[in-house]
Amino acid sequence: MGFHEVRFPANLSFGSVGGPERRTEIVALANGFEERNTPWEHARRRYDAGVSMRALDDVEELIAFFEARRGQLYGFRWKDWSDYKSCPPSRAVRFDDQVIGRGDGETRVFQLVKTYASGGQSYVRPIAKPVASTVRVGVDGAALVERLHFEVDTATGLVTLAEVPAIGVEVTAGFEFDVPVRFDTDRIQTSVASFRAGDVPSVPVVELRL
């Protein structure tokens with residue numbers, strides 16, 4: 001699958017509209033009850049990149065990025081300003097923000113994940129596009145040093161430890177991350193007159209399954 005490891009300009013995504021989307025199938029029964037099911041294990045996020053355009057220079061930068069991706073052909077990174085850290089937005093990333101696994105005496109490679117918990121229920125989201133130089137990793141409550149104790153693949157979100165953690169030991173991580181997306185259109189329509197009148201172009205962006 002074509003993917004460019006480049007981020008959509010963060011100054012343009014700031015202020016954009018979007019968030020997670022779920023697919024739920026609901027069957028109404030004859031007795032008034034209903035059955036609910038979902039074919040999706042993970043949510044899919046959608047955004048509108050056009051909402052945050054503030055000047056004609058922004059539109060030019062958007063078109064350049066769109067053309068370089070060949071429209072929908074190539075995926076890219078997107079910073080979701082409402083959800084881009086392993087911790088709350090007001091906090092700094094720490095090595096113990098998220099539990100990404102437990103030692104089994106054999107495994108050295110762990111996938112970065114973020115857990116969303118509420119009301120006794122939780123959802124674990126795989127993180128495939130961490131931001132370089134932001135990943136912190138810990139084992140058994142102690143912080144590790146990147147390139148000495150661990151390596152991280154920023155294209156997949158896989159963390160490889162230098163040593164196998166002991167059985168039952170928690171492996172934790174903290175990080176900033178991007179969302180893998182593509183444009184959900186092959187056409188951008190805009191004009192100078194309409195933009196100056198406050199009419200911004202609609203540029204839908206959708207999350208990719210990796």
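**Exercise 1. Find which side chains form polar contacts with the side chain of Arg182, and place Arg182 in the chain.**

Solution. 
Step 1. A polar contact is a pair of N or O atoms within 3.5 Å; within protein, one must be able to donate a hydrogen and the other to accept it, and residues adjacent in sequence count only if both atoms are side-chain atoms.
Step 2. The side chain of Gln72 meets that of Arg182 in such a contact, at 2.9 Å. The side chain of Asp184 makes another with Arg182, at 3.2 Å.
Step 3. Arg182 belongs to strand β16, residues 179-183. Helices (H or I, at least four residues) and strands (E, at least two) are DSSP runs, numbered from the N terminus.
Step 4. Contact means heavy atoms within 4.5 Å. Leaving out residues up to four places away in sequence, Arg182 touches several residues, among them Arg44, Tyr74, Phe76 and Val206.

The model is predicted: local features need pLDDT of at least 70, side-chain atom pairs count only at pLDDT 80 or more, and totals for chains, interfaces and linings use all residues. Residues are numbered from 1 along each chain as its sequence is written, and side-chain values use heavy atoms, with hydrogens and water left out.

**Exercise 2. Decide whether Thr185 is buried or exposed, and list what Thr185 touches.**

Solution. 
Step 1. Buried means under 20% relative accessible area, exposed over 50%, and partly exposed in between (1.4 Å probe, protein chains only).
Step 2. Thr185 has a relative accessible area of 17%, so Thr185 is buried.
Step 3. Thr185 sits in the loop between β16 and α3 (192-196).
Step 4. A polar atom of the Thr185 side chain lies 3.1 Å from the backbone oxygen of Arg187.
Step 5. Not counting residues up to four places away in sequence, Thr185 touches Phe66, Gly71, Gln72 and Pro204.

**Exercise 3. Identify the residues of the largest nonpolar core that touch the most other members.**

Solution. 
Step 1. A nonpolar core is a set of buried Ala, Val, Leu, Ile, Met, Phe, Trp, Tyr and Cys residues joined through side-chain atoms within 4.5 Å.
Step 2. The largest core has 17 residues, and those touching the most other members are Ile100, Leu112, Val135, Val137, Val159, Leu161 and Phe175.
Step 3. At least two residues of this core come from each of β11 (136-139), β13 (150-153), β14 (158-161) and β15 (170-174).
Step 4. A second, separate core holds 16 residues, including Phe8, Ala49, Val59 and Val205.
Step 5. In soluble globular proteins, nonpolar side chains tend to be buried together.

**Exercise 4. Name the residues that make the nonpolar surface patch of about 290 Å², and classify Phe33 as buried or exposed.**

Solution. 
Step 1. Val27, Leu29 and Phe33 make the patch. Accessible areas come from the Shrake-Rupley method with a 1.4 Å probe; for residues, only the protein chains shown count as cover.
Step 2. Phe33 lies in the loop between β3 (25-28) and β4 (34-37).
Step 3. Phe33 counts as exposed because its relative accessibility is 58%.

**Exercise 5. Describe the chain as a whole: how many helices and strands does the protein chain have?**

Solution. 
Step 1. The chain has 3 helices and 17 strands.
Step 2. Of its 210 residues, 39% are buried.

Key. Patch = residues over 30% accessible without salt bridge, like charges linked within 9 Å, V, L, I, M, F, W, Y side chains within 5 Å. Salt bridge = Lys/Arg side-chain N within 4 Å of Asp/Glu carboxyl O.
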